[in-house]
Amino acid sequence: MEQVPPAAVPKKKGGCLRGCLITILVVLAVLAVPLVLILRVPQALGIWKSHPEALLGQPPDPSIGRAITADLEAAGQPTTAMRVYLFSTARGERIAYAMADTSSGFAFRASADGERDPVLDLLVHLATTNASAESGVTRVAINFLDYKGDSVLIVTASVEDIVAYSNGETSESTFLGQIDGWADTPSFLVDPGSGL
């Protein structure tokens, strides 16, 4: 009997090329997804809401902001070039957010004893107005703008911590540790005339 040679198995063409391309595409996808998220592409395209929009998705309440401003003015606090807004968050917080614009004429009130910090004094007055209490404000934030209209200092604290400080239950140094904030330190160092 004569042996018949086995039929030669034809080689697949492009097998290595196809496998390499799939591997490269998988590696690119693994690298691209974090990069897209870091660059916030979904937020820029409107696919996802950015964090501030998700947090403060509702427009501010201008009537309560005006009532808080009127209470501040009645208490002798400076209100020229200061706007106050009330935001409600998805977590149920109500934030009184004030913008004090030095470029438009905002100036701190001189304290009677010269000892009180004007920023802390303004935080206390914002948190303890009748309108703030009636509207259930749980947090106060102030954004200070310099004489060019640029933000140079943002401070925020809970109303609970502010009230404890104003009642003397918390020392100033303890209260300063409870405040969250941001400062554009180079603008204070380079331009001492920033207005704050």
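Strand 4 and strand 5 pair in the antiparallel sense, and the pairing runs over four bridges. One residue pair to look for in this predicted model is Ile154 with its bridge partner in strand 5, Trp182. In general, the strands of a sheet pair through backbone hydrogen bonds, either parallel or antiparallel.

This pair belongs to an open sheet of five strands in the order 1-2-3-4-5, with mixed pairing. Strand 1 (82-88) and strand 5 (180-183) stand at the edges, and because each has a single partner strand, one side of each is left without a neighbour in the sheet. With direction ignored, neighbouring strands of this sheet are turned by 15 degrees against each other on average.

Where does this sheet sit within the chain as a whole? The chain has nine helices and five strands, and from the N terminus on its elements run α-α-α-α-β-β-α-α-β-β-α-α-β-α.

Helix 4, which comprises residues 62-74, lies across strand 1 and strand 2 (94-101), and its direction is at about 135 degrees to that of strand 1. Helix 5, residues 118-128, lies across strand 1, strand 2, strand 3 (139-145) and strand 4, running at about 135 degrees to strand 3. In the loop between helix 4 and strand 1 the reader will find Ala81, a residue with a positive phi of about 60 degrees although it is not a glycine.

Returning to strand 4, which covers residues 151-158, one comes to Ser158. Is Ser158 buried or exposed? Its relative accessibility is 15%, and since the cut-off for burial is under 20%, Ser158 counts as buried. When its neighbours within four places in sequence are left aside, Ser158 is in contact with Thr138 and Arg139.

Beyond its neighbours within four places in sequence, Ala164 is in contact with Glu169 and Thr170. Ala164 can also be set against Val124, from which it is separated by 40 residues in sequence and by 9.8 Å in space, taken from C-alpha to C-alpha.

Which element gives the most to the nonpolar patch? Helix 1, residues 15-38, does so, with three residues. Ile38 lies in helix 1, and because its relative accessible area is 65%, where exposed means over 50%, Ile38 counts as exposed.

Some totals for the chain complete the picture. Of its 196 residues, 31% count as buried, while the chain exposes about 12500 Å², of which carbon and sulfur atoms supply 61%. Among the contacts between residues at least 6 apart in sequence, 58% join residues at least 24 apart.

Key: Residues are numbered from 1 along each chain as its sequence is written. This is a predicted model: local features need pLDDT of at least 70, side-chain atom pairs count only at pLDDT 80 or more; totals for chains, interfaces and linings use all residues. Side-chain values use heavy atoms; hydrogens and water are left out. Helices (H or I, at least four residues) and strands (E, at least two) are DSSP runs, numbered from the N terminus. Buried means under 20% relative accessible area, exposed over 50%, partly exposed in between (1.4 Å probe, protein chains only). Contact means heavy atoms within 4.5 Å. Two strands pair if DSSP finds at least two bridges between them. Axes are lines fitted to C-alpha atoms, for helices over the stretch in contact, and angles run from 0 to 180 degrees between N-to-C directions. Accessible areas come from the Shrake-Rupley method with a 1.4 Å probe; for residues, only the protein chains shown count as cover.
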